[in-house]
Amino acid sequence: MSTIIDTFIAPPCNDKIETLYQDDHLVLINKPAGLLSLSGKNPQNLDSVHYRLVQQYPGCTLVHRLDFGTSGLMVVARNKAVNVALCHQFSQRTVRKVYSALLCGHLNTDEGVIDAPIAKDPARFPLMSICPNNGKPARSRYQVVERVNQSLADGATLPLTRVQLTPETGRTHQLRIHCQLLGHPILGCDLYGGRLLPGTEQTTRLMLHACELHFTHPISGECINVHHSAPF
């Protein structure tokens, strides 16, 4: 069995967490890119969404996570009962999440589905792998919003496609590895090919943002529909 050693040290994140809504039961936030969702085992990775929020909301717990480089919407439970109820919604896949992303290159199709099982790859941690034999089922939908040609400093152009991504499952790195499988990695993705094409090397962040979150308030029963536009 391979021993997984995590040597990642997160650089300081000076951007603040934006609180979009709060009540006695939950908090809705906009997470900045470059901030861990949970503190790491290494004491240098103490700063995180949870570490910051628990100072203001003692006892709060995360219901779900976003990758370090991903920005966008998260719901945070303020007590154990709410956490259990929200986690149940996530496990039953009644929560709908939508992401905005910039992909390298121009997609030929306007929409489609990526259905490819994902497994951990201990030999290449923290990478995940497409694994039809023993991977966990993973399914994502994509829809093209626009195709653009970004001008570069040297006069060249970088073809990009803005897409809306809707994961139907919630595997680690799912959208990132599925877009790589599609042949169009997410711009700025250092793990799955988003900095390999000429003109992508200096991209400052992962161009992936959780822009929509739809769920049922566990106490009021109200349908919560939150939208937050991508900052790129």
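Reader: Is Gln174 buried or exposed?

Author: This is a predicted model. In it, Gln174 has a relative accessible area of 3%, and because the cut-off for buried is under 20%, Gln174 counts as buried.

Reader: Where does Gln174 sit in the secondary structure?

Author: Gln174 belongs to helix 3, which covers residues 174-182.

Reader: Which backbone oxygen lies 2.9 Å from a polar atom of its side chain, that of Gln174?

Author: That oxygen belongs to Arg139.

Reader: And which residues does Gln174 touch, leaving out those up to four places away in sequence?

Author: Gln174 touches Ile118, then Ala138, Arg139 and Ser140, and also Pro167, Glu168 and Thr169.

Reader: Turning to the whole chain, how many helices and strands are there?

Author: The chain has 3 helices and 12 strands.

Reader: What share of the residues is buried?

Author: Buried residues are 46% of the 232 in the chain. Of the contacts with a separation of 6 or more, 61% are between residues 24 or more positions apart.

Reader: How many positive and negative side chains does the chain have?

Author: There are 21 positive and 18 negative side chains, with the centres of the two sets 7 Å apart.

Key:
Residues are numbered from 1 along each chain as its sequence is written. This is a predicted model: local features need pLDDT of at least 70, side-chain atom pairs count only at pLDDT 80 or more; totals for chains, interfaces and linings use all residues. Side-chain values use heavy atoms; hydrogens and water are left out. Helices (H or I, at least four residues) and strands (E, at least two) are DSSP runs, numbered from the N terminus. Buried means under 20% relative accessible area, exposed over 50%, partly exposed in between (1.4 Å probe, protein chains only). Contact means heavy atoms within 4.5 Å. Lys and Arg count as positive and Asp and Glu as negative; His and the chain ends are not counted. The place of a charge is taken as NZ of Lys, CZ of Arg, CG of Asp or CD of Glu. A polar contact is a pair of N or O atoms within 3.5 Å; within protein, one must be able to donate a hydrogen and the other to accept it, and residues adjacent in sequence count only if both atoms are side-chain atoms.
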